[in-house]
Amino acid sequence: MKKVELLSPAGNMEKLKMVFRYGADAAYLGGKFFNLRALAGNFSNEEIIEAVNYAHSLGKKIYVTLNIIAHNNEIDKVADYAKFLESAGVDAVIVADLGVFKVVRENTNLDINVSTQASNTNWMSVKVWKDMGAKRIILARELSLKEIREIKDKVPDVELEVFVHGAMCMSISGRCLLSNYLTGRDANRGACAQPCRWKYHLVEENRPGEYYPIYEDERGTFIMNSRDLCTIDFLDQILDTGVDSLKIEGRMKGIYYGAMVTKVYREAIDKYYEGKFEYDPKWMDMLNSVSNRKYTKGFFFGNPGPEGQNYDSSSYNKTHDIVAKVIGKSKDNKSILEVRSKVKVGDEIEVIKPKGDPIKMIMPEMIKMRKGQEEGKIEIANPNMIIKVDLDLEEMDILRKKL
């Protein structure tokens, strides 16, 4: 049986390496041009080559986003960039715009995955893209399990990809004008200011002075603020539809998010193919530990109601903070850590590895390091410090603590 692909986000090289270690089969990333995450770290041409070589050395894949809706002054530049990506060996490009699609098709032999920005919500549009030469369609988020299954049945000879976790846009497949109109930052150019997350006061024209209590109280409302998508408790039903790739959103999130979410979905997918899938509440505990705006099942069981929105706040929730990442071993076989948040000797911490449950520990004696040399013992380590600890850890293990 062909296994579904687990596709994770990579905003920079560090995030790329983390998601691969924690179980991703492929990663998607943006270059410096033509992608919809202008504020992510993104990859230079040299870094794209490095990313491809690294991924291929592990038997994994790299997809590069070319998913802007191009203007006239950009379309002529697409061909050269696509040719570079082909020469770099990327496994596919992600495209939303018909013009960009045509340029890539005419100038390269790259596989093309059609972006969710193309809003494919029916089998006929999927078939049209397939007939034009698309390798994969990344379906719109506004589809139910039943609709996805029907698309797969009617167009079986094209790959289908669906989002299974991460932030949701309040607009249809991300096609929003609010940011451009209110701030001059274009959502379809990768610079969204996320005005859907702002606080508003709701005024209904025909009932001045009244408010709808589900949405607004005396403090206002976050009426457009969607909860984040989470499908872990019914992932088996998504896999039963026959889709080819499960996508995690979050190129702008940190390494802890990428590692933990990938780890959880990797475990669930593996259980499915072992014939042992049964929702484990610990999966949700781990997903609640990372930054989120509460969770929704999205459109998989039909149009969501008020439970899909987060009307009272746009703030993030999480139960844990990353403390440090293991970056190597010392000559005396102790672990070298890069500190990400304040930690003290004696703090209760947990170690996160690609497989298995979190390992509880007490933060031991810490030695501050600088340029490979010891500077002495410290009681408190602050962000960006390099420290040495007497713990048997592996490179890219993550240390976290409860908030």
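**Entry 1: a definition before I start**

Two strands pair if DSSP finds at least two bridges between them. I keep that in mind while I look at this model, which is predicted.

With that in hand, I looked up β3 and strand β4 (residues 92-95): they pair in the parallel sense, over four bridges.

**Entry 2**

Which strand do five bridges join to β3? I found strand β2 (residues 26-30), and the two run parallel. Here my landmark is Gly30, which stands opposite Thr65 in β3.

A residue counts as buried here when its relative accessible area is under 20%.

**Entry 3: a closer look at Thr241**

I moved on to a loop, the one between α8 (235-240) and β9 (245-248), where Thr241 has its place. Is Thr241 buried or exposed? I read a relative accessibility of 5%, so Thr241 counts as buried.

Then I looked at what surrounds Thr241. A polar atom of its side chain lies 2.6 Å from the backbone oxygen of Ile238. Leaving aside residues up to four places away in sequence, I listed what Thr241 touches: Leu145, Ile148, Arg149 and Lys152.

**Entry 4: both ends of helix α5**

I checked helix α5 (residues 123-132) at its start, where a side-chain oxygen of Asn122 reaches to within 3.0 Å of the backbone nitrogen of Met124. Then I went to the other end: just after α5, Gly133 takes a positive phi of about 115 degrees.

**Entry 5: stepping back to the whole chain**

How many helices and strands are there in the chain? I noted 10 helices and 20 strands. The chain has 403 residues, and buried ones make up 53% of them.

I also looked up contacts with a separation of 6 or more: residues 24 or more positions apart account for 67% of these. Last, I wrote down the accessible surface of the chain, about 18900 Å², with 49% of it belonging to carbon and sulfur atoms.

Terms used: Residues are numbered from 1 along each chain as its sequence is written. This is a predicted model: local features need pLDDT of at least 70, side-chain atom pairs count only at pLDDT 80 or more; totals for chains, interfaces and linings use all residues. Side-chain values use heavy atoms; hydrogens and water are left out. Buried means under 20% relative accessible area, exposed over 50%, partly exposed in between (1.4 Å probe, protein chains only). A polar contact is a pair of N or O atoms within 3.5 Å; within protein, one must be able to donate a hydrogen and the other to accept it, and residues adjacent in sequence count only if both atoms are side-chain atoms. Contact means heavy atoms within 4.5 Å. Accessible areas come from the Shrake-Rupley method with a 1.4 Å probe; for residues, only the protein chains shown count as cover.
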